[in-house]
Amino acid sequence: MQLASRIFEAPDIEAAVEFCYQQNWTDGLPVVAPTRGPIERILAYLQRAPDEVVGIIPPRNGVATIEKIAINCVMAGCKPEYVPVVIAAVEAMLEERFNLNGVQTTTHACTPLCMVSGPAVKTLGFNTKEGALGHGCRASATIGRAVRLILWNIGGGYPGEPCKTTLGHPGYFSFCVAEDADSNPWEALQVERGFGAEDTIVTVTATTAPYSVATGSGYSPVEDVLYLLADSIATLGSNNITGGDLVLVLGPMTAKNLAGAGLAKLQVKQEIMRLARRPVHEVKRRRSISKTHPMHWSKLVDPDDDNALVPFVRNPENLVLLVAGGWGSGAGFCALCSGWGALGGFTVSKRVEFPAGGAGTNSVRG
Amino acid sequence: MSIQLFDPVGEVETVQRQAQRVLHSLEGKRVGCVFNQHVSALAFWKAFESEIRSTLKPSNICRVYKANTWAPAPRADANRVLEETDYVLVGVGA
């Protein structure tokens, strides 16, 4: 198979790993040596030309060919059948509304959270139970890492120059979670996002690190659970004060609590939207956007009414609800991933196009 | 036997640019102002524009005050400012 990438040589595996560090090919963690065998296995699985261009990754404007994506997926430790998920995530991030250039360079601490939903969650072996947002699962760890390495090696998102994130967060190494279809009491995320139940999709939103929310859903009435979720969102330091998207990963106990009270997913969003507000006299302490700016909260409420309530979720569609995680204790832990605000990183979903006969899902690229 | 490693770094997209026109003086020319409206630069930008007006006496000022501070200006606005000006001042920040 003809590959276009430059080839380097290392005497052994230890030297190969060190060479990757020397070339700045890695984010700080060691990588799998990108050798011909696994690269070709990915390309053979995908049945796509190595020089096919998926897109241009900002801010470096590197050309993301299928070959370059495959190389980065090898480095991340992906199995070939994971790679269509990575490609779909790249396509999603390249939608204009996602503003990837801004996400890669902002001083804020947002990075793309990849949310996988659909039949391939099971066939690819995602862990959707205990630790779903964390450690221990090859599919989520390596798909998330591959996305980050693509943003690093092709997009050039190096800290300092040009990535200006003030602090970053651990999700800048890998940030991927899958929906737990078994405990989701509502329509699947892919259905809510306009795809078929048989489709597997990747949904990306640029978010901060997960913030643990103890909802008490094992012993609290639904009103209190909603109040706690909303209260965690409406913090004055959150960029969602300017609007924009955010993600709530609901543990199965909390999802059951809310659905058991007769709430549809949209109703949960509407209730959180109604409750996640802070009064004007408090919000005035947050001065990050001028009053003349179109995003400023004073466009929504009277800035002279100190008791008027400023919403942190401006529309139900700004809030992504994903069910995942273990059953846990009565604390009913959930995770809030706040967004970049109205600045970008907006939620985008793409269908995963598996090759014919690949991955045992109905979503097949013919 | 050595290990062959394939370069993961993407080639940079090459962009065809028009030949740049050299301005020997900025005085009296049409100026474009692309400002991101970041709160930390409001006072600066106001003073900056005032200074431009008094020292360079532009024949016209075409302003693009971005609706989204952090995102690129819409292409139509970018095209307009390029068509209607001789040079452009682009504010960065945030």
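## Polar links between the chains

In this predicted model, eleven residue pairs are in polar contact between chain A and chain B, both residues of each pair being at pLDDT 80 or more. The number of salt bridges between chain A and chain B is one. A:Arg6 forms a salt bridge with B:Asp7, and the closest N and O atoms are 2.9 Å apart.

## The side of chain A that touches chain B

Several elements of chain A each supply at least two residues of the side that touches chain B: strand 1 (7-10), helix 1 (13-22), helix 2 (36-46), strand 3 (62-65) and helix 3 (66-76). By residue type, this side of chain A divides into 23 nonpolar, 15 polar and seven charged residues.

## Extent of the contact

Chain A contributes 45 residues to the contact, and chain B contributes 26 residues. About 2900 Å² is buried between chain A and chain B, and carbon and sulfur atoms give 58% of this area.

## The largest pocket

The largest pocket has a volume of about 1800 Å³. Its lining consists of 39 residues, and those nearest the centre are B:Pro72, B:Ala73, B:Arg75, B:Ala78 and B:Leu82. The lining residues comprise 20 nonpolar, ten polar and nine charged.

At least two residues of this lining come from each of the following: helix 5 (100-105) of chain A, and helix 2 (75-83) and strand 4 (87-90) of chain B. Helix 2 of chain B provides the largest share, four residues.

Definitions and conventions
Residues numbered from 1 in each chain as written. Chains lettered and ligands numbered in written order. Predicted model: local features only at pLDDT ≥ 70, side-chain atom pairs only at ≥ 80, totals over all residues. Heavy atoms only, no water. 1 Å grid on protein atoms, 1.4 Å probe; cavity = no way out; pocket = protein on both sides within 12 Å on 5 of 7 lines; lining within 4 Å. Points joined across faces, edges and corners; volume = space filled by probe spheres on them. Nonpolar A, V, L, I, M, F, W, Y, C, P; charged D, E, K, R; others polar. Contact = heavy atoms within 4.5 Å. Buried area = accessible area lost by both parts, 1.4 Å probe. Salt bridge = Lys/Arg side-chain N within 4 Å of Asp/Glu carboxyl O. Polar contact = N/O pair within 3.5 Å; in protein donor to acceptor, adjacent residues only side chain to side chain.
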